[in-house]
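Open the model in your viewer and keep the selection panel at hand.

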Amino acid sequence: MSGIVLLGPQRLQPTVGQIIQDLDLAGPVAAITGGWEEREHEDDELTANLELETQNLELYQRGEQVLEDDPDLFRALQDLRAQRRKAQALYRISLHGAMATLRAVAEAPASEYSQEELTAAFEVVRALDARHLERITRIEASFRKRWATARRQSVRRQRKEIDEILERCPVVAVAGGHVGVLTDLMRFFGLDSRLKRHQLLAWSAGAMALGSRVILFHDSPPQGFGNAEVWGPGLGLYGQVLPFPQARKRLMLDDSLRATILARRFAPQTCVPLDEGEHLVLVDGRPGAGSSGRRLEQDGRLVELSP
Amino acid sequence: MKLSIREFARSAPGPAEIDALLEQHTFPHQDGTTTTFVYRGEADEVRLRHFIYGLPSSQPFNAIAGTDLWYLVYELPECSRVEYKIELVNEGETQWILDPLNPYTARDPFGANSVCHGPGYVRPRWIDPDPDARPGTLRNLIVPSRVFDERRKLQVYIPARMRRERDYPLLIVHDGPDFVRYSGLTTVLDNLIYRLEIPPMIVALTESPNRLEEYAGDERHAEFIAKEVLPMIRTKLPIDPSPSAVGLLGASFGAVASLSTAWRYPGVFGRLLLLSGSFAFTDIGENHNRGPAFDPVVRFMNAFRDQPGTPTEKLFLGCGTYESLIYENRSLLPLLQATGMDVRYVESRDGHNWENWRDRLREGLSWLFPGPLWMVYE
């Protein structure tokens, strides 16, 4: 059985056990907690919540081992991260101007030219998003090609062990944490192509990492302007929705202008807040029967999901 | 509900009308930037004693003839936060009391004051305990000090779930226990860490038995912090070795002590958070009008202004516009910026008090020590 369920945060209100029961899933479960970084092994609560035999894939530890075994690759990865930081910083500068323009146009007195101007302002932002995503994809592809990561001895050994675990686990649970670390680890160990036949349960950063692109967001950070940013490609296991975990804490969805801009900017993907207790059962990439949550309409309204 | 206290006074109110007035309104009453203070009780005189530098510190209330009601109408700019007391004069005796009609108070080492929140001031949500935030713990340490020839106590805030194998930023706080008592520092740290706005960090809460002397630019204090406190903490706790991960925080004389310590040990403390610094200086000679406690401060500040060097990498400077030190802080800014340090300066419509410093912690700490807010989704 394969499929994807995206869940809200699990720390305060775990629901993953209930979902497993509802879907009548059988274990064992392969757990991915690499987003917790050095706390990867503190998975007792998670294991208890899953209520099935669970084996942690230990992606973070495996990643650390590879870097220890392969110093050349370690240095190359440091360079890759520096490249990505530079690209992100530059994109952020351009994005700031484009988002300020977009908001100004959206708030300008209405006239017969408003819609045309607003559409153009959205196009500028979407073009920046697309260019950044393409640049990061290119940087990463170039890295993989140059360093042939999949064929390196240090990586092959770990991938083999991961494959063996995945072979006997029909269910994979992907927890939250650091979305960059998590996404990079999963791609590094080739999980983008290895998880297509598994039943996936993913929440918070885990839900973000499995999608077609990873969007970083916070409407009221203590520093900066609170513009959502494209971070890079996700694993591409689904693509028609964009999950926004902890939306109540991170997004000002009662600000209709902000909500509208968010929804329209990322269309045709549907923005879906994922708060505690909510979950999406994806069917053909869309929320299907059994889902419980809301979606953001392009006019900024939040509506209950109707499969 | 709108209130015109002057119209009310002209209406010759009786006790029942006064009861109704107090029932129907909260006080101090805000109507835009107009604030109405009210006191009810027998007195020869009633005054507002506030702590806004630049205005007469004692403002007389008006009596409403034939009643025991007194009032004062005051203009408070947007986002003001003012601490005050009510002064009662009876038969030549004066007494300062908290405003009986105002539930908001702020504590400090001298007791408590009533607090008036002006229009637009929003009490931060991150200052109240959040049940979802994992609380850090306080641990007692002893620093055997050669500099001061005694053993000094130190409290250290340990973030929740600290791991020995990871390195943490360190913030050394002057008047640390007072920051905990009056600015809610540990709650603020718990909350900002939980909200991912700052990283989990270790915070040393130092205090001095003689702060007016030791915090006034005293080189012994700088040596104590740089050569005794910091190395001792490094031996006991996992501290990130980079200077950019080590900061000093201080308010008032504590800010002078922080600046003095970083200046005397450049390259050691990469982050400074200085609030309402008592940065008194002179442009010629050493005469000033702030009293003898400031003599060593002026000497230090004059030496610093003469050769500022580059004491740190990032410096956050905050000051209230209702305190006399605003002029020294403002005039220090261009000099700090000229050193090449990354400097951020913030003013607030508040006074020289612990809640003003509390309200700056989020902005200051998250700028100096940014957390993984944008990357972590739990």
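Rings of Phe, Tyr and Trp (its six-membered ring) pair if their centres lie within 6.5 Å; planes under 30 degrees apart count as stacked, over 60 as edge-to-face and the rest as tilted. Over all chains, the structure holds 15 aromatic pairs.

This is a predicted model: local features need pLDDT of at least 70, side-chain atom pairs count only at pLDDT 80 or more, and totals for chains, interfaces and linings use all residues. Residues are numbered from 1 along each chain as its sequence is written, chains are lettered from A in the order in which they are written, and side-chain values use heavy atoms, without hydrogens and water.

Select Phe217(A) and Phe244(A). Their rings sit edge-to-face, 4.8 Å centre to centre, with 70 degrees between the planes. Phe217(A) lies in the loop between strands S7 (213-216) and S8 (229-233) of chain A, and Phe244(A) in strand S9 (residues 241-245), so the pair ties together parts 27 residues apart in sequence. Strands (E, at least two residues) and helices (H or I, at least four) are DSSP runs, numbered from the N terminus. Phe217(A) and Phe244(A) are both buried, meaning under 20% relative accessible area (1.4 Å probe, protein chains only).

Next, Phe37(B) and Tyr74(B). This pair is edge-to-face too: 6.4 Å centre to centre, 85 degrees between the planes. Phe37(B) is in strand S2 (residues 34-40) of chain B and Tyr74(B) in strand S6 (residues 69-75), 37 residues apart. Both are buried.

Now pick Phe179(B), Tyr182(B), Trp354(B) and Trp357(B). Ring pairs link them into a cluster.

Finally, show all of chain B. Its 10 helices and 19 strands come into view. Buried residues make up 56% of its 378 residues.

Note on methods. Buried means under 20% relative accessible area, exposed over 50%, partly exposed in between (1.4 Å probe, protein chains only).
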